[in-house]
Amino acid sequence: MRRFVALPLLFTLTCLSLAGCGSLSPRPDPSRFFTLTAQAEVAPVAKNPGMEQLFLGVGPIRLPGYLDRDELVTRISQNRFDVAQNDRWIEPLEENFSRVLAQNLSALLTSERIFRYPWPGNRRITHQVEIEILRFEPDSAQEAQLAARWSVIDAGTKQPLAVKSSFLRRPSREQSREGSVGAMSEALADLSREIADTVRAVVRQQKPQAGKEKL
């Protein structure tokens, strides 16, 4: 009789053991990875007179602590955020931001002499752009918001030539995480245009002064 009782018990224990092993088997990683991209609409202009001697350094770029993370962040309200569990940046956001900004500026200024911080000590930089990011995330409506303080600096004298603030908004083209990241890329392209316009203005303003000094 004990043998007949033991057999069902052994069968039950075996099934439970197999079920436990199944629960420990590898599961697909639900993570999705995103990146900012340079915008195709940022097209080179025909000419940039006076930019021939420009060697532009991009950085350093400072992010607020709440954005210095792998996960994507959404601003739900003025004082509340949502941090995605499975949606992540493929690289550190500061590095991604810097690289895309440099690509955009290279296209806008029709120059390959755009260098990201930190550049080698032997690299000759004529001007530098420093940026402090205050806000850079989508809101609950998937609208990207970018707030920043930035300055264009004479690399030789270390004096600021222009100090600016920007607050930019871009609606998402679709209600999805991919759409909101695309809107963030477009907001960064808008900031790139503002910076490029300011760099052109300060360089052209400096050129006549340099000519006067030579006289």
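Me: Which helix gives the most to the lining of the second largest pocket?
Reply: Helix α3, residues 177-214, does, with seven residues. Keep in mind that this is a predicted model.

Me: What makes a residue part of that lining?
Reply: A lining residue has an atom within 4 Å of a pocket point. Here 13 residues line the second largest pocket, and the closest to its centre are Glu-178, Gly-179, Val-181, Gly-182 and Ala-183. The pocket's volume is about 220 Å³.

Me: How many of the lining residues are nonpolar, polar and charged?
Reply: Three are nonpolar, six polar and four charged. Gly counts as polar in this scheme.

Me: Now the sheet. What is the order of its five strands?
Reply: The order is β5-β2-β6-β7-β8, in an open sheet with mixed pairing.

Me: Why are β5 and β8 said to stand at the edges?
Reply: β5 (114-116) and β8 (160-170) each have a single partner strand, so one side of each is left without a neighbour in the sheet. From one strand to the next, the twist averages 25°.

Me: Which strands does helix α2 lie across?
Reply: Helix α2 (residues 93-108) lies across β2 (56-62), β5, β6 (127-138) and β7. Its direction is at about 155° to β2.

Me: What makes the bond from Gly-59 to Pro-60 cis?
Reply: Its omega is near 0°. Pro-60 is found in strand β2. Another cis peptide bond joins Tyr-117 and Pro-118, with omega about -5°, and Pro-118 lies in the loop between β5 and β6. Most peptide bonds are trans.

Me: What is the phi of Gln-142?
Reply: It is near 70°, a positive value in a residue other than glycine. Gln-142 sits in the loop between β6 and β7. Most residues other than glycine have a negative phi.

Me: Last one: where does pLDDT stay under 50?
Reply: Over residues 1-5 and over residues 210-215. For residues 1-5 the model has zero contacts beyond four places in sequence, and zero is also the count for residues 210-215. The chain averages a pLDDT of 85, and 80% of the residues score at least 70.

Notes
Residues are numbered from 1 along each chain as its sequence is written. This is a predicted model: local features need pLDDT of at least 70, side-chain atom pairs count only at pLDDT 80 or more; totals for chains, interfaces and linings use all residues. Side-chain values use heavy atoms; hydrogens and water are left out. Two strands pair if DSSP finds at least two bridges between them. Helices (H or I, at least four residues) and strands (E, at least two) are DSSP runs, numbered from the N terminus. Axes are lines fitted to C-alpha atoms, for helices over the stretch in contact, and angles run from 0 to 180 degrees between N-to-C directions. Contact means heavy atoms within 4.5 Å. pLDDT is the predictor's confidence in each residue, from 0 to 100. On a 1 Å grid over the protein atoms alone, a cavity is a set of points where a 1.4 Å probe fits but cannot get out, and a pocket is an open set with protein on both sides within 12 Å along at least five of seven lines; lining residues have an atom within 4 Å of a point. Grid points are joined across faces, edges and corners, and a volume is the space filled by probe spheres set on the points.
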